[in-house]
Each structure stands twice: as C-alpha cells, then as structure tokens.
Amino acid sequence: MLNVLFLFTTLLTAADPHFGTSTITIGAGAAFPGSGYRAFRFQPGAAFTVEYEFRLHKYFAATIGMENDVHTAKNFGREPQPDSRERITRFPLGLRAILPVSEGRLELFAGSGGAPYNTRDYELSNTFLKNALLWHVNGGFRVALDNKHRFFLGPTVRHYRDVGRPTEQWTSLTAEFGFPF
C-alpha cells in the first residue's frame, strides 16, 4: 500500500510542478450577519483571517484557515441590557478551484467546504441549539505584486450558512496578503 501511495505521489509531482506548493494568506476586513434568528442580534463588525493553501494541482488546492469576527450583540431581557462585544472564531476547511490568468500574475478562485466554529455567546454556543458545522463558500482573486510572484494581494468573500432551514448566515469580505512557498 505504501508503495502504491509513493508511486501515485511521484506521478503527480512529475506531471504537475505546482503539486506540493503552499500559500499562506493573512487578511482583515468586515463581517456581516445575515438572516436567521441566531444572527439577528449581531451588528456588522471586523474580520481577521489566516489561511493555509496546499496545491494539489495547478487548478486545485486544499485549504484550512481561521477567521475571527468581532461583533456587537444586542442583548434582550425583561430589563434593559447593555450591548456586548462577541467574538466568533470559525475554522473553514475545504477545496478550492484556481484559474491562473496572465501567466499566473492573476489568480481567480472559488471554493467550498465546512466550517466548525467557537464562541462564548450563549445563544450561539448552547449545545442544544448549536450547529456543529456551517457550510461555507468562498471566492475572490489575487494579483501578484512582483514579477517573480512571491507576494499576492486581493479580496476574498466568504459566506457561511447552516444546512437546512437557515437559522444563521454570515458573510465576510477581507483584503488578503499572501505569499507562496
């Protein structure tokens, strides 16, 4: 079995020089709550991202990342409640299709996968109500900043949603700086 895996990996690397390359991106931008009764209390806030991309082929990559969103949440009760600052951390992972344009100087991409998340907000973290995993889609483009394509800059849009009847939806737009290695 190990020999078959080694042979498969060798054939992939011989056929595609992009196999095994990686890209790390960091970004900042805005996060927006969408529809659903679990997200209506939240106001738009800041989003911070970090992502690792592993190229499986020139046109495909596996991704894993972390997104921290900071929102102001309206609290309701019998008595007036002060607003609270809430952090929602998502861990998106999945696959991405990449289309290099202009000899790789511009890359268009779109992907999808799952995103478990963590927060200290009671209504989002209550185990009875909590969605264990959100579905996410992402897309954007990145432009090389130098001739050797060592640094990239571009926007990324991510949309998160629970599966089934929508009880929570979130969208973020970030400007991201990346460097392949």
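**Strands, salt bridges and a nonpolar core**

Mentor: The protein chain has two helices and ten strands; helices are DSSP runs of H or I with at least four residues, strands are runs of E with at least two, and both are numbered from the N terminus. We're looking at a predicted model, where local features need pLDDT of at least 70, side-chain atom pairs count only at pLDDT 80 or more, and totals for chains, interfaces and linings use all residues. Residues are numbered from 1 along each chain as its sequence is written, and side-chain values use heavy atoms, with hydrogens and water left out.

Trainee: In what order do the elements run from the N terminus on?

Mentor: Just walk along the protein chain and note each element as it comes up. From the N terminus on, that gives α-β-β-β-β-β-β-β-α-β-β-β.

Trainee: Which strands pair with S1?

Mentor: Strands pair when DSSP finds at least two bridges between them. S1 (residues 22–33) has ten antiparallel bridges to S2 (residues 45–57), with Thr 25 and Glu 51 as bridge partners. On the S10 (residues 169–180) side, Ile 24 stands opposite Phe 179, and the antiparallel pairing runs over eleven bridges. So the partners of S1 are S2 and S10.

Trainee: Is strand S4 largely enclosed or largely open, and how many of its seven residues are buried?

Mentor: Buried means under 20% relative accessible area, exposed over 50%, and partly exposed in between (1.4 Å probe, protein chains only). S4 is largely enclosed by the rest of the structure, because its buried residues number five.

Trainee: Which residue in S4 stands opposite Ala 73, and what else does Ala 73 do?

Mentor: Ala 73 belongs to the largest nonpolar core, nine residues including Phe 42, Ile 88 and Trp 170; such a core is a set of buried Ala, Val, Leu, Ile, Met, Phe, Trp, Tyr and Cys residues joined through side-chain atoms within 4.5 Å. Beyond neighbours within four places in sequence, Ala 73 has contacts (heavy atoms within 4.5 Å) that include Arg 41 and Glu 86. Its opposite number in S4 is Ser 84.

Trainee: How many salt bridges does the structure hold?

Mentor: Some of them join up: a network links residues including Arg 55, Arg 96, Arg 142 and Glu 176. The structure's count is eleven.

Trainee: Is Leu 153 buried or partly exposed?

Mentor: Leu 153 lies in strand S9 (residues 152–161). Its relative accessibility is 41%, so Leu 153 counts as partly exposed.

Methods: A salt bridge is a side-chain nitrogen of Lys or Arg within 4 Å of a carboxyl oxygen of Asp or Glu.
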